[in-house]
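Hi,

Here is the structure I promised to pass on to you. Have a look at it first, and then read my notes below.

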Amino acid sequence: MLATLKEDLKKYMKARDMESLNVVRGILNEINIREMKNVQINDEEIVRVLRSEIKKRKEAIENFEKAARQDLVDKEQNEMKVIEQYLPAEMSDEQLLAKIKEAAAGLEDKSFGSVMKAAIAAVNGQADGKRISALVKEVIGK
């Protein structure tokens, strides 16, 4: 995944696609920061970085919509599209629910925190945290 990001960085430089170039640079910068903090960089960590970047953009979109700044909303949405192309395909709700039930079945402690932790590990970056949280609440009956 890291190699793909670096290749795309070169591709966007040659194409002079500044918006995509800046997004990929930002992602690689976040990866480098984590590397300096001695975090092992593998595909799972890169997916975490990508999800974090998506979350930042969603929050920015909400704020820009409140401020009636459609130009900035459009910019953030375009950046999200660039980031999403690097994320693995998300699981369907049925698959996600099955993984959560499977993770919860193997636990003695059925508290939200422990089931959520097991579910996130089982899903392995193939679903958004909000979706996981909502389905965990449904499974444990909260």
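The buried residues of helix α7 are Ile132, Ser133, Leu135 and Val136, where buried means under 20% relative accessible area, exposed over 50% and partly exposed in between (1.4 Å probe, protein chains only). They pack against α5 (93-105) and α6 (112-123). Helices here are DSSP runs (H or I, at least four residues), numbered from the N terminus. The 12 residues of α7 (residues 129-140) should span 16 Å, and the end C-alpha atoms are 16 Å apart, so the two agree; the expected span is 1.5 Å times one less than the number of residues. After α7 comes glycine 141, with a positive phi near 80°.

Please keep in mind that this is a predicted model: local features need pLDDT of at least 70, side-chain atom pairs count only at pLDDT 80 or more, and totals for chains, interfaces and linings use all residues. Residues are numbered from 1 along each chain as its sequence is written, and side-chain values use heavy atoms, leaving out hydrogens and water.

Next, the cores. A nonpolar core is a set of buried Ala, Val, Leu, Ile, Met, Phe, Trp, Tyr and Cys residues joined through side-chain atoms within 4.5 Å. The largest has 21 residues, and Leu5, Val24, Ile27, Ile31, Leu50 and Tyr86 touch the most other members. Two or more residues come from each of α1 (2-15), α2 (18-36), α3 and α4 (70-84). Apart from this core lies another, of 12 residues, including Ala104 and Met116.

Finally, glutamate 45 sits in helix α3 (residues 43-66) and is buried, with a relative accessible area of 8%.

Enjoy exploring!

Technical notes
Contact = heavy atoms within 4.5 Å.
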